[in-house]
Amino acid sequence: AKIFEKITVPVKGNRVQVITNGGGYGILTMDALGKNGLVASEVGKSILAIRKVFPSTVVVKNPIDLLGDATVERYQLALEAALKDESNDCIVITTLMQTPLLNESLVPALAALIKKSSKPVVIVTTGSEYSQTLKRKFEEAGIACFDFPENAVRALGKYVLYWTKR
């Protein structure tokens with residue numbers, strides 16, 4: 001129900017781009033796609049273009065792995081590219097907030113992009129009390145936010161099914 005409350009944009013298909021700063025959570029997210037009627041999207045030109053601005057260690061594929069030294073700016077650039085990219089229909093973002101360069105400024109930075117988006121975007125943030133505080137802030141900003149990748153993908157799968165079977 002949370003996803004239908006927070007997201008109101010229609011979705012055109014079931015192709016998902018994943019953005020993460022934790023490789024393990026990226027893999028869990030990718031593994032959950034097929035079980036929920038979703039597929040990993042191809043990586044299009046908009047996403048490939050961000051390779052020029054990211055350190056060479058950042059993995060620009062699906063998932064985009066921003067690594068443990070991810071910054072708010074990296075998340076913004078990755079989300080902007082994914083929103084422009086025509087190869088995906090929706091986006092799952094995982095934020096592991098215990099990394100040193102992320103802070104609560106991530107919430108308004110991503111919320112501003114998501115509110116203008118014509119694609120559904122869900123966020124996974126899990127961990128400490130600090131992560132749970134930021135999860136509440138994402139939700140207060142109107143963003144569907146989940147504790148675990150499997151829950152986010154399951155909800156997104158139901159949302160996609162609703163819009164594509166109408």
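## Ground rules

The model is predicted, so local features need pLDDT of at least 70 and side-chain atom pairs count only at pLDDT 80 or more, while totals for chains, interfaces and linings use all residues. Residues are numbered from 1 along each chain as its sequence is written, and side-chain values use heavy atoms, with hydrogens and water left out.

Helices (H or I, at least four residues) and strands (E, at least two) are DSSP runs, numbered from the N terminus. "Buried" means under 20% relative accessible area, "exposed" over 50%, and "partly exposed" in between (1.4 Å probe, protein chains only).

Let's start with β5 (90–95). This strand is mostly covered, with 6 of its 6 residues buried. Both faces are involved: C90, V92 and T94 sit on one side, and I91, I93 and T95 on the other.

Who are its partners? Two strands pair if DSSP finds at least two bridges between them. β1 and β5 run parallel, joined by 4 bridges, and I19 stands opposite I93 there. β5 also pairs with β6 in the parallel sense, over 5 bridges, and T94 has V124 in β6 as its bridge partner. To get from β5 to β6, the chain passes through α5, and this β-α-β crossover is right-handed (with the strands pointing away from the viewer, the path from the first strand over the helix to the second runs clockwise).

## The nonpolar cores

A nonpolar core is a set of buried Ala, Val, Leu, Ile, Met, Phe, Trp, Tyr and Cys residues joined through side-chain atoms within 4.5 Å. The largest one here has 34 residues, and those with the most contacts inside it are I19, L66, Y75, L79, I93 and L110. At least two of its residues come from each of α4, β5, α5, β6 and α6. Apart from it lies another core of 21 residues, including I3, M30, V124 and L156.

## Helix α4

(The expected span is 1.5 Å times one less than the number of residues.) Among its buried residues are V72, Y75, L79 and L83. The buried residues of α4 pack against β1, α3, β4, β5, α5 and β6.

Q17 belongs to strand β1 (residues 15–20) and counts as buried because its relative accessibility is 0%. Its side chain reaches the backbone oxygen of K61 at 3.2 Å. That is a polar contact: a pair of N or O atoms within 3.5 Å, where, within protein, one must be able to donate a hydrogen and the other to accept it, and residues adjacent in sequence count only if both atoms are side-chain atoms.

T126 lies in the loop between β6 and α6. T126 is buried too, at 12%, and a polar atom of its side chain lies 3.2 Å from the backbone oxygen of D147.

R154, in helix α7 (residues 149–164), is partly exposed at 43%. The side chain of R154 makes a polar contact with the side chain of N151 (3.2 Å). R154 and L33 are 121 residues apart in sequence, yet 8.0 Å apart in space, C-alpha to C-alpha.

Methods: Contact means heavy atoms within 4.5 Å.
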